[in-house]
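Below is a briefing on a predicted model.

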Amino acid sequence: MEYKIDKMLDTDWEQVRNIFIQGIETKNATFETEAPSWEEWDQGHIQECRLVVRDGEKVLGWAALSPISSRRAFTGIAELSIYFSLDSIGKGIGTKLIQTVIESSEAAGFWTLQSGIFPENISSIRLHEKAGFRMIGVRERMGKLDDVWRDVAMMERRSEIVGVDETMK
């Protein structure tokens, strides 16, 4: 498979949204039950760190960061969202995409990335671990999806090059 990772364009939204909808339909990727509008999604995600994996004109997956807080002390921390089309899972694109978004995040000054993942989503947990994320705990009964309480595994990755003081080395 020939693929390319590059910046997400506004024109990618329909395909990005469709991949997000596939994630919603699995009931194992998000608490969301419907995809947002472009305007809502655009406002909630950081411009510099939006990537897609392309096979020609087809978007196979995407990754984007969201701020975790508006407080200045937390400007270097973001939440990672990463999704793949169901027909592209298991084709080796996840590792490259997550590594590229990590590099993009560090270039933009982020020192910590975090992800909340349903514990049942073992493939996502493994992908994150492979990229240097560590499990920091499980938040129990974080929210309901289809009237069922779901736990969320919290994972984080601390940069070794951004936000590092001499005393931390």
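The count comes to 9 salt bridges, a salt bridge being a side-chain nitrogen of Lys or Arg within 4 Å of a carboxyl oxygen of Asp or Glu. This is a predicted model, in which local features need pLDDT of at least 70, side-chain atom pairs count only at pLDDT 80 or more, and totals for chains, interfaces and linings use all residues. Residues are numbered from 1 along each chain as its sequence is written, and side-chain values use heavy atoms, with hydrogens and water left out.

**Salt bridges**

- Asp87 forms a salt bridge with Lys58, with the closest N and O atoms 2.9 Å apart.
- That pair links distant parts of the chain, 29 residues apart: Asp87 is in the loop between strand 4 and helix 3 (93-107), and Lys58 is in strand 3. Helices (H or I, at least four residues) and strands (E, at least two) are DSSP runs, numbered from the N terminus.
- Asp87 is partly exposed, with a relative accessible area of 43%, and Lys58 is also partly exposed, at 39%. Buried means under 20% relative accessible area, exposed over 50%, and partly exposed in between (1.4 Å probe, protein chains only).
- Glu106 forms a salt bridge with Arg157, with the closest N and O atoms 3.3 Å apart.
- Glu106 lies in helix 3 and Arg157 in strand 7 (residues 148-158), so this pair ties together parts that are 51 residues apart in sequence.
- Both Glu106 and Arg157 are buried.
- A network of salt bridges links Lys4, Asp6, Asp12 and Arg54. Between Asp6 and Lys4, the closest N and O atoms are 3.6 Å apart.

**Strand pairing**

- Strand 3 (residues 58-67) is largely enclosed by the rest of the structure, because 8 of its 10 residues are buried.
- Strand 2 (residues 50-55) pairs with strand 3 in the antiparallel sense over 6 bridges; two strands pair if DSSP finds at least two bridges between them.
- Val53 has Gly61 in strand 3 as its bridge partner.
- The hairpin of strand 2 and strand 3 has 2 residues between the strands, and Gly56 takes a positive phi near 65° there.
- Strand 3 also pairs with strand 4 (residues 77-84), in the antiparallel sense over 7 bridges. Here Ser66 stands opposite Glu79 in strand 4.

- Lys27 has a positive phi near 60° and lies in the loop between helix 1 and helix 2.
- Lys27 counts as partly exposed, at 36% relative accessibility.
- Arg141, in strand 6 (residues 134-145), has a positive phi near 50°.
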